[in-house]
Structures are given as C-alpha cells and as structure tokens.
Amino acid sequence: MEQALQAHQFVWGKTDQNGVSRRARGPAWNPLLAHVLDVAAVTGELWERHLAQNVTGRLADAFGRGDEATARKVVMFLAGLHDLGKTSCCFLRQFGTGRRDDPGLRRAREQWEREARAAGLPLPPALDGWPDAPHAHITAAHLPLLLGCPGCATDGGDDCHTGLHAVAALLGGHHGHIPDPDSIDRASAAADLAAWGPVWRAIIADTARMTGVDLDTLPDLIAPVRPSSLPMFAGLVILADWIGSDEHRFTYRKPRQGVEAWWRQSRAQARAAITALRLDRWAPKPAAWGELWPGTSPRPFQQATMNALPTDGPALVLIESDTGSGKTRLALWCAHQLAQSNGYQGLYMAMPTRAAANQIGKELRDFVAAAIGDQETANLSVVHGTAEGTDLVHDLLAAASPPAPDDLFAFVADTTCDARAVLSDWYLARVRGLVSAFGIGTVDQVVLGAQPSRHWMLRLLALAGKTVIIDEAHAYELFQQNLLCAALEWLADAGASVIVLSATLPASVRQALTAAWCTGHRTTPNDTGTTGPITITDRHGTITRTAPAEPPPALDTLIRFTADPGPAALAHRLLTEATDGGITAVIRNRVANAEDLHAEAVAQAPAHGWHEDEIVFLDGRLLPRDRLPVEDLLARLIGPHPEDRALPNPHRPGRLLVIATQVIEQSLDLDFDDMTTDLCPVDLVIQRRGRLHRHTPNHPNRPARTREPRLTLLWQPGPDGLPEVDPARNGDAFVYAPYTLAATWHTLTSREQDGRIDISTPRDSSTLIEAVYGAPEPQPGPIGGLLTRTHTAWLDALADENAEANARAFHPYTRRGRPTRTTALASGRHHGDGDDTTTGLKGIRALSRLGDPSINAIAVYRQAAGTHTYDPEGHHPADLTRRHHPAERRAQQRDHILNTLAIPAHWFHGRNAIPDPATWPPHTAMRHTHVAVYDPATGRCVSGPTGTTYNPTTGLGRT
C-alpha cells in the first residue's frame with residue numbers, strides 16, 4: 001500500500017499539448033491528483049461565491065442531510081473525482097501519441113513511463129492490450145464500490161446504494177452526456193480493479209483528506225431525492241472541470257512536491273480564477289424604482305405588480321399587458337426584488353428572436369450598471385448564434401479588458417473603460433454565456449435545458465440560480481410551449497423564479513404554465529378567485545391575480561380589410577398615400593412577397609418623388625453584416641428618444657417606408673404612423689398593432705391622415721368570398737395554420753359596425769384571443785364549413801407538435817408523480833448539441849424549434865483579381881489565415897459570424913445535394929467549413945452551395 005500511495009502521484013491527468021506549461025518552464029504533464037484537487041477547489045469557490053442560495057440548499061439536502069457546510073465538502077470531494085477513470089491503461093497510453101503531440105511530448109512520455117514504473121505504478125508491459133472506454137464511464141463503473149456501496153462489494157444488486165450509483169453516473173456525464181447503465185457496465189472491463197484499486201483508493205484518500213470528508217460516513221450523506229439536484233450537481237461538475245482545466249489559470253505540478261502544497265496552490269488559483277471570470281453572484285441592495293431608472297416612476301399596472309410580488313420564496317409571475325406598456329422594466333424590477341429575497345445568482349432574459357435580444361440587451365446593460373450595488377463590474381452575456389457580430393458584445397468585451405496604450409489590436413471596440421456591465425471572452429464559448437450573472441438571448445437556451453443534449457445539465461444549473469424572464473410568450477409554437485413547460489417544471493423544482501411577459505396570452509397557455517409550475521413544486525393550483533391581467537403563483541400553488549387601480553389607456557385601432565392587389569398596385573398605393581409624410585410599415589408573411597414589393601417600390605420611387613434611401617427592407621435572410629446596420633438604423637430613426645422617452649425622437653424622419661417580414665413584430669421598440677400587414681393569426685395582429693402609434697410623444701407630429709391608428713390587413717378572397725387559406729393557392733397558409741387565418745378573418749369581420757371594424761386593447765385582447773384559440777362555436781353556412789374543416793386539420797397538427805415535444809423533453813417527475821431517476825436522464829451523441837442542428841440523428845436530436853433545419857455557410861466574394869472579401873465592393877478583405885493572437889482571433893471570428901448565412905436545408909436534395917465543406921488550403925481559418933463564394937457583380941454563388949444568390953439589400957435567394 002505504501003508503494004501505491006507514492007505511485008498514484010505518477011498518474012498523469014493532462015499533457016502540455018499547447019506548450020503553455022513548458023514555455024513557463026513547467027512540467028510536460030500534470031498529475032491526475034493535482035487536477036482532481038484543482039476541480040475540488042474550484043467547486044468549493046463556486047459554492048461560496050457563485051451558486052444561488054436555492055441551488056446550495058437543494059445540494060445540501062442531497063449531499064449533506066441539509067447541512068450546507070457538510071454538503072460543500074462532499075460535493076467538492078465528488079467533483080474532484082470526476083476523472084478517476086483516467087487511472088486506466090486505455091487512457092494512460094495516449095500520452096505522446098496524439099496528432100497534436102510534438103517530439104518534446106513524445107520524449108516526455110518515455111521519461112514519464114520510466115519514472116512511473118519505478119515508483120510502482122502497475123503499468124503492464126504493453127499498455128495497448130486493454131479495451132477502450134471513455135474515462136468518464138470508467139469512473140462511473142468503479143466509483144460506487146470504491147466509496148463503499150455494499151451491493152457492489154457482495155454482488156447483491158438489491159443492496160446497492162442508489163445514491164452512490166446515481167452520483168457515479170452523473171460524474172460519468174461530465175463531458176456532456178450522462179451514460180446509460182449498459183455503457184457503464186461495458187466500461188468496467190477497461191480497468192482491472194485488482195491492479196488499479198490501490199491507486200484509485202490512494203487518490204480517493206488524499207482527496208478526502210484535503211477536502212475534509214469522512215469516507216466512513218460518506219454513503220449515508222448521499223441521498224439525491226429531489227430530481228433537480230441530479231442535473232445541477234452534474235452541471236456544477238462540468239463548470240468546475242472547465243475552469244479547473246484552464247492551463248492559463250492552473251499550473252502543472254510535479255510529483256513529490258507534497259499533496260498539501262498542491263492543495264494550497266489549487267485553492268489560491270481557484271480563488272483567482274473565480275475573481276478573474278467575475279463569477280460572484282449578484283448581491284443587489286434595496287433600491288427604489290427611481291434609482292434603477294432615474295427620472296421615472298412606476299405606472300399603475302407596474303405598481304400593482306410590485307405590490308403583489310411575494311416578499312419571500314420563488315414565484316411564477318405572468319404579466320399580460322399591451323406592447324409598449326413597460327413590461328420589460330417591470331420584469332427587471334421583479335428580478336431585482338426576487339434576487340434580494342431568494343439569493344439568486346442573476347437573471348436571464350429569453351427573447352423570441354436574435355434581433356429582439358440585441359435591442360433589449362442595450363437596455364439590460366443600463367439596468368445592470370444601476371442594479372449591481374457595491375460590485376464594481378458584472379458580466380452580461382448575449383447568448384445567441386450571431387451575438388459576437390454585434391457592437392454590444394464587442395463593447396462589453398472591450399470594457400472587460402481595456403487595451404493597453406500600445407496594443408496594436410485596440411480596434412476591436414471603442415468604449416469607455418468605466419463601464420460596469422462587461423463581458424469576459426471566456427463566456428463566448430457555447431453554453432458558458434448562460435453561466436454569466438446576467439444574460440440575454442433567445443428562448444432556445446431555456447427549452448434546450450430540458451432536453452437530452454450535450455451539456456444540458458449545465459444549461460439547467462445556470463438557469464436554476466436565476467430569475468428567468470420569458471418575453472413574448474405568445475410567440476412560441478406549441479412545440480416550444482410544451483418544452484418551456486418542461487423547463488418550468490425543472491426550474492420550479494430547483495427553486496428558481498420565472499417571469500412570463502405577453503401582450504396576448506391564451507387562457508390555455510396560462511393554465512399550462514401554472515400547472516407546470518405547480519408540478520415542479522409538487523402541489524396543485526389553489527385559485528383565490530381574484531381577477532386581473534397579472535397572475536402570481538407562489539411555491540405553494542396559491543394563485544393571486546391583480547390589476548392596476550386605474551385601467552391602462554385604451555389603444556383604439558381601426559381595422560381595414562383590403563384584398564391584396566399585388567406588388568405593383570400595393571407599392572403605388574403606399575408611395576402615393578405617404579407622399580406628404582409619415583412612417584409606414586408593411587409586414588409580409590413570406591420573404592418572396594416582401595422582396596417583390598420592395599422591388600416595385602424602389603422601381604416606382606422616382607415617379608412618386610421618393611428617394612431610394614427612404615425605402616428600407618429587412619428580413620431574416622440578410623447576413624448579420626447587412627442586417628444589423630438596418631436594425632440599428634431603424635432603432636435610431638423610429639425608436640424612442642435616446643435619452644428621454646418622454647420626448648419625441650429628434651432623428652425621426654419626415655417619411656419612411658419599411659418593408660419587412662415578421663422580424664419587426666417581436667420586442668423591437670419601433671413606432672410607425674401607419675401599418676399594412678398580411679392577414680395573420682389574431683395574436684399577431686395585436687402584436688403587430690403594438691408597433692403602431694407606440695410612442696405617445698410622437699402623436700402631435702403625425703400626419704393628419706394617420707392621426708387615428710389604422711391597421712390594414714391584406715387578404716386573398718376565394719371564389720365564395722371567404723378567405724383563401726388553401727396552401728396550394730395561398731402561400732401564407734404554409735406559414736400559419738389555415739384555421740387560425742380563417743378564424744381571425746371571421747372574428748374580426750364579425751365585429752363590423754357601420755362599415756368600421758374597431759378594436760380596443762387591452763379591453764378586447766382576451767376576447768379576440770379566445771375567439772380564435774378557444775373552443776370554437778358552430779357557425780352556419782360556408783364559413784362554418786371552412787372553420788370546421790381547417791380546425792380538424794389544425795388539431796391534428798398540434799397533436800404532432802405535442803408528440804414531438806413529449807418525445808424529447810425530460811421531466812423532473814413522472815406522470816405518477818415519482819422523482820425521475822438518473823437512468824432516465826441518460827443521453828448520447830445521437831441527441832446532438834442542441835444549438836447545432838447538424839449534430840445528432842434526425843428524429844431524436846434535441847431541437848429548440850420545429851421546422852426545416854438550416855446549413856450554415858460563410859459567405860465571401862471572389863474579386864476579379866482572385867482575392868476574397870467579405871463585401872461585394874472589395875473594401876473588406878477576407879482573413880483566411882488561422883489567427884492565434886486573442887484580439888486578432890476575436891476580430892476574425894466576428895467577421896465570420898457577420899458573414900454567416902443560414903441556408904434552408906430543403907434547398908439541397910437529390911442531385912442538388914449540399915456539397916462537402918469547402919477544403920481551403922491548409923492552415924486557414926475556414927478549413928472544413930461550408931463556404932459560399934459569390935460573384936460580386938451578379939450575386940450568384942460560384943463555389944459551394946451553387947444555385948443560391950445573395951443581394952446585400954434583400955438577402956439570400958436561389959435561382
């Protein structure tokens with residue numbers, strides 16, 4: 001045993017493949033025990049400084065019988081042992097054999113093997129004779145026995161310690177997927193217990209000694225009964241391992257330095273790492289509304305919600321109010337209060353679109369600066385696929401690391417150095433952005449937190465310690481709504497709070513969200529019978545509704561139905577009506593219709609006295625390089641006053657025609673004088689209306705013809721005078737369910753009185769929503785037949801969506817109310833990454849949205865001289881060289897994101913299959929990446945996904 005105790009320090013855990021240690025004159029390999037201690041130390045620091053109170057409370061119940069001090073030690077100890085399976089021949093033989101291993105590492109391998117054998121490490125004569133298995137799975141296979149599982153010692157399955165086996169499986173998932181029992185069983189043969197057992201036990205003993213764990217009493221402490229403690233523990237191990245594996249923050253150690261010295265170094269470096277990454281939890285101080293938003297006071301509906309918010313414990317808050325009424329600020333105030341009363345780590349805002357996240361992110365940045373109290377700075381992450389292409393993210397990055405005066409790469413961003421909201425580039429990697437105290441991104445991150453996908457456990461941990469704000473809840477398809485409910489069950493079980501914002505929430509969705517919350521808290525809804533648009537459910541299931549003391553201002557709107565005259569006639573009408581001024585929006589349901597209208601408007605503009613720059617086009621098929629400036633332009637021209645919302649926007653032009661798809665209907669704070677839109681479901685009619693006469697300071701300056709809010713709905717009449725909703729004759733029926741289009745038309749036209757259709761929100765919102773989404777009432781005549789036929793098809797489609805969601809979602813409790821066990825949380829690579837639809841197998845891969853998957857390709861232009869540029873004019877050369885300087889690499893990555901196209905996968909099939917990723921010359925940054933090379937003169941693709949076109953104004957198309 002004495003020989004094994006010395007030998008265990010010669011088990012290597014990491015090798016210096018990047019040369020970081022050797023350049024600092026350190027060793028070429030790091031002992032496994034040193035890494036074990038690093039991760040244990042990081043776990044302890046995260047517990048003390050990062051984890052929310054509700055998370056540590058849940059983990060204390062699972063690993064310390066309710067005592068947090070004991071549980072902290074146990075969790076540190078267990079997290080450190082995640083890599084114990086590296087003590088096996090199939091892992092140790094990898095030293096010096098990889099493609100990235102240089103000659104120096106190969107020589108170091110020879111020296112390590114000689115010293116390890118001399119120290120008594122039980123290496124066989126040939127390391128290659130043992131079967132392969134992931135080292136994490138080997139940990140899962142052998143750890144229960146090593147920690148004292150009585151069933152493992154006697155081969156008696158009935159006596160097995162379920163807690164130890166659950167923990168072992170969770171540790172086996174630290175690379176992203178919790179292994180299933182069969183995978184764990186297969187891994188047991190990859191390491192000989194008789195040979196390696198003494199070494200494993202020596203590592204365990206040293207780790208227990210350093211963390212203060214009593215191995216004799218350990219099994220009795222481990223009882224993870226509450227389901228959320230399982231993924232939260234696994235997520236914590238993943239996070240601690242990622243931090244503890246950072247070779248720039250944790251130095252390699254040499255054998256025989258002494259375990260105590262290693263442990264002192266681990267703890268010091270862990271403290272420094274948590275500080276450098278700004279991982280301290282949010283610690284807000286009490287603050288009045290005016291301190292968070294100087295010069296303002298809460299509106300009546302905001303004050304009513306503030307008065308009703310529970311003073312302790314988590315809460316589900318459903319806020320239903322018209323667009324532009326101040327829901328976002330109210331949600332942030334609630335998050336501030338809930339963080340004080342519950343000790344949350346931060347907040348995450350889940351938006352329906354990237355564009356919405358980009359715009360609201362700027363408001364969140366100002367809130368963070370006012371809300372972090374005594375903290376000097378706090379991380380604010382923007383979490384979506386093109387975030388790094390935004391100016392906001394690069395301003396935050398620059399604020400975190402102001403460039404030195406002589407830094408040649410200080411061009412990355414231009415920002416002041418006294419900003420309080422910052423961002424470390426560590427958070428740019430996938431999933432890590434959610435770990436940040438403050439985050440804003442798309443709702444995809446929330447729905448992926450309840451599905452089997454790589455690192456889903458870390459997603460859930462990151463959200464579980466926050467108040468999660470879900471904006472525009474009505475905008476999500478049933479598939480997403482069901483997955484949101486599953487995520488809500490997990491968040492409720494974990495003790496998080498959730499705030500849901502919507503202008504138009506159907507009663508069925510409200511009930512589903514409340515039921516999910518109560519399921520997570522293992523209670524049933526208890527309705528107090530109160531009424532109002534704000535619904536608050538506490539942890540006991542008590543439902544309280546409230547309303548403002550005085551009703552909000554009515555938003556009256558005239559609805560006009562007009563048969564779609566075609567792009568030429570519509571362009572003529574729009575240009576003629578707005579000749580004398582006004583800001584007009586046209587929202588088309590399909591990209592092709594928007595492009596056709598834009599082309600006609602531009603062609604007719606000179607004849608009507610319009611300039612081309614007075615016509616703006618925006619859709620989702622534009623490159624971020626082209627779309628983001630348009631979004632910023634619209635925010636500057638027709639957004640609120642940049643400094644004082646009580647004043648009219650001084651940049652507002654005399655006239656403007658904005659032609660767009662649905663990208664402008666969600667969360668964008670834009671104000672139009674007049675609006676024309678294709679017929680769409682009634683909730684989106686109300687939503688789109690929310691961009692009409694949105695900012696009251698602009699009312700006095702609106703043209704006389706637009707003084708009354710007017711929304712024109714374009715529809716296609718069928719032969720019988722009813723709306724044409726057959727997809728074969730109306731492409732909009734591919735975008736929205738035919739029933740919702742027909743029911744919306746019928747609901748609105750039935751309101752006609754004296755030749756007018758008027759709606760008043762919020763008074764009419766619920767009535768209109770339930771008329772379309774509630775149980776339909778039989779109607780006589782042809783309209784009754786149309787509604788009945790399309791309603792049946794709609795229900796079938798909803799059932800399919802429901803099945804898709806149920807097939808993917810993890811739930812904390814079974815249908816019988818029993819806690820979900822670890823074996824039910826297993827996943828594998830076939831489930832994919834979640835945020836990359838090209839990974840995993842079709843049918844089981846994790847998805848955040850249904851619909852046609854897309855293929856990402858970086859777009860570049862081939863100039864006449866053979867050079868490549870990011871823009872057709874040739875002003876921005878494409879950097880194709882692999883960069884290593886952090887600032888250079890970050891700037892290059894930003895360029896690539898700005899030029900990334902999402903090409904519909906269904907464009908490529910059969911003979912027109914998508915080509916393999918373009919193979920650029922070796923050592924380029926685009927190697928093995930889909931690249932679309934375009935002719936700058938014609939916009940046609942000449943290499944890569946041929947058959948596509950790209951126009952910087954209208955975006956992606958195909959020939």
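Predicted model: local features only at pLDDT ≥ 70, side-chain atom pairs only at ≥ 80, totals over all residues.
Student: What makes helix 18 largely enclosed by the rest of the structure?

Tutor: A residue counts as buried when its relative accessible area is under 20%, and 12 of the 16 residues of helix 18 are buried, so the helix is largely enclosed by the rest of the structure. Among these buried residues are Lys-327, Trp-333, His-336 and Asn-342.

Student: How do you know that the span of helix 5 agrees with its number of residues?

Tutor: The expected span is 1.5 Å times one less than the number of residues, and for the 13 residues of helix 5, residues 68–80, that should be 18 Å; because the end C-alpha atoms are 18 Å apart, the two agree.

Student: Why is Asp-67 said to cap the N-terminal end of helix 5?

Tutor: A polar contact needs N or O atoms within 3.5 Å, and a side-chain oxygen of Asp-67 lies 3.4 Å from the backbone nitrogen of Ala-69, which caps that end of helix 5.

Student: Why are helix 14 and helix 22 called roughly perpendicular to each other?

Tutor: Angles of 65 to 115 degrees count as roughly perpendicular, and the axes of helix 14 (residues 229–244) and helix 22 (residues 456–464), which come within 7 Å, cross at roughly 100°; the two helices are therefore roughly perpendicular. The contact includes Trp-242 of helix 14 and Trp-456 of helix 22, and its residues divide into 13 nonpolar, one polar and no charged.

Definitions and conventions
Residues numbered from 1 in each chain as written. Heavy atoms only, no water. Helix = DSSP H or I, 4+ residues; strand = E, 2+ residues; numbered from the N terminus. Polar contact = N/O pair within 3.5 Å; in protein donor to acceptor, adjacent residues only side chain to side chain. Axes fitted to C-alpha atoms, helices over the stretch in contact; angles between N-to-C directions. Parallel < 35°, antiparallel > 145°, perpendicular 65-115°, else oblique. Contact = heavy atoms within 4.5 Å. Nonpolar A, V, L, I, M, F, W, Y, C, P; charged D, E, K, R; others polar. Buried < 20%, exposed > 50% of the residue type's maximum accessible area, 1.4 Å probe, protein only.
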